[in-house]
2 protein chains.
Amino acid sequence: MATYVKDFSEGDRDQKDLLGGKGANLAEMTRLGLPVPPGFTVTTEACRAYMTTGEVPLELPSEIDGAVRRLEAAMGRRLGASDDPLLVSVRSGAKFSMPGMMETVLNVGLNDTSVVGLAQTSGDERYAWDSYRRLVQMFGRTVLGIEGDLFSAALEKAKSDRGITVDTDLDAEALRALVATFKAIVTAHTGRDFPQDPREQLTLAVVAVFNSWNTERARLYRRRERIADDLGTAVNVQTMVFGNLGDDSGTGVAFTRDPATGKTGDYGDYLVNAQGEDVVAGIRNTLSLHDMEQIDKAAHDELSRIMNQLETHYRDLCDIEFTVERGRLWMLQTRVGKRTAPAAFRIATQLVDEGLIDMDEALSRVSGAQLSQLLFPQFVPGADTTLLTKAMAASPGAAVGAAVFDPETAQEWAATGKDVILVRRETNPDDLGGMIAAVGILTARGGKTSHAAVVARGMGTTAVVGAEELVIDAAAKTMVCKGRTIAEGDTIAIDGGTGEVFLGDVPVHPSPVATYLEEGLDAALAHADDEDEAELVKAVDRLLTHADGARRLRVRANADNAEDATRARRLGAQGIGLCRTEHMFLGDRRVLIERLILADSDEQKQASLDALLPLQRGDFVELLEAMDSLPTTIRLLDPPLHEFLPELTALSVKVALAKAAGQVDPEDVRLLAAVERMHEANPMLGLRGVRLGLVVPGLYELQIRAICEATADRLAAGGNPRAEIMVPLIGSVAEMSLVRDSAVQIMAEVSKERGVTIDMPVGCMIELPRAALTAGEIARESQFFSFGTNDLTQTAWGFSRDDVEGSFFGQYQEAGILSVSPFETVDPEGVGRLVKIACTEGRATRADLHLGVCGEHGGDPESIHFFHEAGLDYVSCSPFRVPVARLEAGRAAITTSGSDSR
Amino acid sequence: MATYVKDFSEGDRDQKDLLGGKGANLAEMTRLGLPVPPGFTVTTEACRAYMTTGEVPLELPSEIDGAVRRLEAAMGRRLGASDDPLLVSVRSGAKFSMPGMMETVLNVGLNDTSVVGLAQTSGDERYAWDSYRRLVQMFGRTVLGIEGDLFSAALEKAKSDRGITVDTDLDAEALRALVATFKAIVTAHTGRDFPQDPREQLTLAVVAVFNSWNTERARLYRRRERIADDLGTAVNVQTMVFGNLGDDSGTGVAFTRDPATGKTGDYGDYLVNAQGEDVVAGIRNTLSLHDMEQIDKAAHDELSRIMNQLETHYRDLCDIEFTVERGRLWMLQTRVGKRTAPAAFRIATQLVDEGLIDMDEALSRVSGAQLSQLLFPQFVPGADTTLLTKAMAASPGAAVGAAVFDPETAQEWAATGKDVILVRRETNPDDLGGMIAAVGILTARGGKTSHAAVVARGMGTTAVVGAEELVIDAAAKTMVCKGRTIAEGDTIAIDGGTGEVFLGDVPVHPSPVATYLEEGLDAALAHADDEDEAELVKAVDRLLTHADGARRLRVRANADNAEDATRARRLGAQGIGLCRTEHMFLGDRRVLIERLILADSDEQKQASLDALLPLQRGDFVELLEAMDSLPTTIRLLDPPLHEFLPELTALSVKVALAKAAGQVDPEDVRLLAAVERMHEANPMLGLRGVRLGLVVPGLYELQIRAICEATADRLAAGGNPRAEIMVPLIGSVAEMSLVRDSAVQIMAEVSKERGVTIDMPVGCMIELPRAALTAGEIARESQFFSFGTNDLTQTAWGFSRDDVEGSFFGQYQEAGILSVSPFETVDPEGVGRLVKIACTEGRATRADLHLGVCGEHGGDPESIHFFHEAGLDYVSCSPFRVPVARLEAGRAAITTSGSDSR
């Protein structure tokens, strides 16, 4: 039999699917014997039936009738009776909180007769008519769909007619007149009178809540939050209690611990002679719970006892709403309370120490997102600032420094010990030196996955991008924002957590958690500002240590040089999952690649390759030394070669102008011809990755040889090098077969030349849909797979990251098409399905196939849970995100399901 | 028990897997009692065992011994005996023909003793020593791996020492000396003497054939032809017979019908006193079979009888090799013979008329590839021509006309009735008018899927592309090729089947099949040049009619305007599968799109949209009229909007030069700013398709409204319009849901406005991997799917068609990574798997989901078989390919598997 109505006394907190969050918690408190105003819940099942058929289920009215009768019997009052009437509130309550999305109707049961009874019972005529006035207004707007402004206008007129400004100055007489006006509005706009039958009021209010589930606004909210449309909402019908019946009444909210710091104790606000909405409105100053104790010790002590009981019962910080009606305490709501990131870590370990939860449970209560908030310095709150503009928060932290507009100056000034913020229209690989030197990066263009954003996050450098209000003149070394000119050297500050850009200095508070991760527990405790910070650092240490013990996924880092690798190792990385060799061809070495591209003869090509070999070998020796004994996956060259050449349009303009001036540099003309020849309409999908390796003779062979020789050098030095060769952009097993054959041959050659045994794993990136779909074949020739989920997302969705994220992703998120960028969190249905296919079919071919991920998703909490479930062996992420990945990998291991089952 | 050796008398033609093609046919002829020199086959199973273990299977030598003993008993001679020795040939023979790939050794059994016996038996000492010389040479090179040049050089020296130039002038003495020299070469290069033991010769030759299966060259060939590496080859060991024992001996090849025309009768060449290789070498003139009858009537008549028997037995044209040894006929080989396209159609229907096969079988014997060869005019063979250059054959046919270098001139001259060939460096959408006007298109750049190639194939216009030897000066209206200058108006001719470009006129023969398809059977018969052409036309008609009756797949056409649609309908199209609306925004209307993009205000945008509405409606009215009663799928706008704006680099150069000259056009500056703002790094993966529809307000709404209003107009005119709305580049169900809601609303509005009922199917293209992977979801909101296999191939493989096909595809095909471009034939493992997933999961959601394909693959024979098997409802292709698709869809329906089970 369908369950359409449940009394509060019938349910418990585990029935959120059926009763919604609010209803389940009301039932739980009722079950605990706490003073909850009696009531019942119309279940989500009723709502779903209504949504499916468009009609109220046949049984619902009689079930509601039954529940009302039980309620009346329990309270000894009748709904809407002329004498001491029972009034009820009607509130929506879905499984997942949808703040501000749905509807509430209070004082249901009042009508022309019962308002008189209420006045008598309460002895307060004004209060009775005001309550009736509120019912007609709320009911009219919410249930009958009348424009709310009509009621507001009438209320304003009533006040101005009487020369008063505040609602509370309207007396009973005025309110009675206003009720008449409101009722006339209802009649005029619906063609029927305001319903006097309390049961009819109730039924209509319940249906109105059902309908509120499917408003445009609610649907959009759910699309964004990925809440299923077919869950439906429950409706809670609860006896009204009043905190505004005099000085022995009041209403308040409370927390069982400080949600900002996690400190134990009772925290809350109380307002005498008031209703809930008055607290929210903030009209009068609220009292602390300590003050409440002075006013009404009995109610306070009972509240205090109940709060203790709830915290012990829920084994977590609880957030509570209550009302005191003529000295009697009523609990209106409780739920597990939200908290700040430091509080989350401290509360979790406190509860362990109090014996309420175990370490697994504590670990599940904190998140990687919270940990990442703790990793960065913050601007001191409340500091005096001059906001210049607000743009995209691309890489967190707080940075203050001198504005510089070119990478050379950034490097020069930084070398003198100056903090600089590199400001660019957008960045490209040539800016890398300046980006490394800077404490912060600010760009006028690009999105969260622009070059600037990706590189900054990779380095853990604060960045704000896409600040379109900035007009940057790199030549003049200035930028203009809203008419204000900032010159080179002027101090600016950027907040990578909020996207804010400030003019002038802003004080910064360093992160104690970052100190802990970089320098260890003792150093962090020694530097801690106070006990709170010390407690936080200890909590993080305990939870991260527990996560390391619990997790199955190993955590590697993406690092392109020995310095990054060393840092990653300090932060707990268990290897390198991605060393991008293209970064080794920038700067001074770019000319060698350029020569390789422009070479007229095979001899010239070979000369370039020969010159590159010792340089590459040197890179790898350093890297393998830094990562001694740990696996180090080196990716062969990936980007299109034209990325090493000048940009087409700029060079075309240069040559055209030179020609016009009769001063052509023949070298430029030659270069332009090469750039035009190599130009691609869609370089993402062009001659790059393994295609380069197969089409440019000697290129991959050079790199493989350099890795082999570096391995031999390290072996000779007594090290334990563990390089792995990774081939990018594989689309078919034939490609992999050719590169693997070549690698095996070079390993044999170098082994022979150097008298050592070199036998490195050779694997590939799975970053094209076809690679995932033919993974069973590819695994024949590949010893490991590393998922390149960025490129896999680009190709599966047909999204060019650089183009779409800054362009229409905003509109797509507004429209609810994307709830989160698939470049931030792996898309489970599309990209994730490809990952799973490749895992399953790859392992079917090669049982010991090693599986990892080296896209940016490797550091994203939600994605890490996905990769854990997909059965990967490791994730690899930016060094700075390694602690976050360790924590989330631990969480994934202790929970059956990684994400909410929405 | 393993089967390593089978006598010819044990097998039959169905055992190609085990015996290879040649062995199976030798067994079949033996079984039929034909005079086949006895022998046996070492099976592919033996080869596979050898490949797996690297060693000859233990049982193989004794099995070969047994077979040799049986052979000796049957022939009454002993292998390599000193008296009348038995000699054998050792030939490879795999399941699939691999011409020139593998090895043959003749005269096995000769040694220092048996050569004397052979001389005695044959009475021809020179012949005996020449045979021995050939054995040592072939064996040395093939079996022992000695550089063949060593033997050739020794042969040349023997001739020059004796002052002679032709091999046959070497006498017995000279040959005996040469054998000694050859044997010395063998000893010097292998460290052991030439093996004298005939059994050892035989075993070594068999192993050499096994090894030839895995040479680099053979592997590469198989990769290209998609033949599995693990099939292995069989080895045929057969008694030698000799056609060079005097004037009563000879050798020849024959066909049971003319493979060029299909005419019945015996066709062949015969050479008296010769061996097979002499026929191939073409040293002497061959005789016809009629001449043979005069020389050796008995042998001729027996051959004639056997040929009749074979054709009736194989029920097809047979290709035969035979030898006459001293008046006795021996059959050396037979197989179903290759034939030209016209012969294929004629033979198939002839065999039906002769009662040998039925129409289904006849249909399976012709192919769409053959039909397409028949559709185009051809240059008259043997005509006197001046070849300018040879480039890529992009769209078949033969075209002669005046060279023009810009589309305007092409249109002007064509309007005066002149045939023109449009010559461009490369084409873009602005050239469309000129391309339509031209009889042929020639470009200097681009590959088989460049704009020029795709458009030309779509229109059935002859095209040659990527002629890099042409230096085109569009401003001067000339091109230079190898020093020769061609001016505007000069006559040139291009062959779209071979890629040849000729200077001057070349006579053209029109296609009778094209006349049949365009004008019907009667017209074609009336125009037929001769009986052969008339027979061909009738054969095509019969087979195509049979295919239409057999096929399940419907065939639609891709057509963007009423003219193309009308033509498609004439060619048998059953609807439009893809009408690309972007072509409707070119030419004069481009300015409206440009205004839409550059508009500063919503009013300006709306004005552009309002101006476009009646134009679009007019387009659709024409189209729906042309396709009245047939489904007409109209795709909403797909390409990135910047395609309607000038190109970035060119405009940047223009503005920079103008600035330098102090003459800037502010309009250009404004335009450049827009172009820069809209520029994308990878437009393929950018703001296009449905993304445009969701992000540019009013755009899709305009198009949907135009379709609805056109439908209403056609209904009012008494027509039966059947438009379908297709949304491109869907990646998620949410996108589809939004467009569909909007379409439903507009249909309701126009229905109301016009007092008609408009209820068109709304569906989407599946052209992104994610769309295929979430097809089950998307089908909730989509009434049909049309696979855009071009884009699906681009994204699944990560191949930008424009960039990769002309760049590294050639090298990829050389290296055997790709056997055919995945843009020509659908890749079954990757793209095909996505298609199947989407079909299965889409239909699971919506049982009546209509499925089609509108990518270029829709007209590719092999792909059509794939789509048939995947369960699609229709394919859509260029109008000109409709007959090919009809034929192949019919073939797919009558065969269980579409392609060879390689």
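Predicted model: local features only at pLDDT ≥ 70, side-chain atom pairs only at ≥ 80, totals over all residues.
**Notebook: helices in chains B and A**

I started with α5(B), which is mostly covered, with 15 of its 19 residues buried (buried is under 20% relative accessible area, 1.4 Å probe, protein chains only). Helices here are DSSP runs of H or I, at least four residues, and strands are E runs of at least two, numbered from the N terminus. Residues are numbered from 1 along each chain, and side-chain values use heavy atoms, without hydrogens and water.

I checked the span of α5(B): residues 125-143 reach 26 Å from first C-alpha to last, close to the expected 27 Å (1.5 Å times one less than the number of residues). At its start, I found a side-chain oxygen of Asp124(B) within 3.3 Å of the backbone nitrogen of Arg126(B). Just after the helix, Gly145(B) has a positive phi of about 70°.

Next I looked at α1(B) and α12(B), whose axes come within 12 Å and cross at roughly 115°. They are therefore roughly perpendicular (65 to 115 degrees). I see Asn25(B), Glu28(B), Met29(B) and Arg31(B) of α1(B) in contact with Leu310(B), His313(B) and Tyr314(B) of α12(B) (contact is heavy atoms within 4.5 Å).

Last, α36(A): 8 of its 10 residues are buried, so the rest of the structure largely encloses this helix. Among the buried ones I listed Phe866(A), Phe867(A) and His868(A). The buried residues pack against several elements of chain A, including α35, β30 and α37. Just after α36(A), Gly871(A) takes a positive phi of about 90°.

Technical notes. Chains lettered and ligands numbered in written order. Buried < 20%, exposed > 50% of the residue type's maximum accessible area, 1.4 Å probe, protein only. Polar contact = N/O pair within 3.5 Å; in protein donor to acceptor, adjacent residues only side chain to side chain. Axes fitted to C-alpha atoms, helices over the stretch in contact; angles between N-to-C directions. Parallel < 35°, antiparallel > 145°, perpendicular 65-115°, else oblique.
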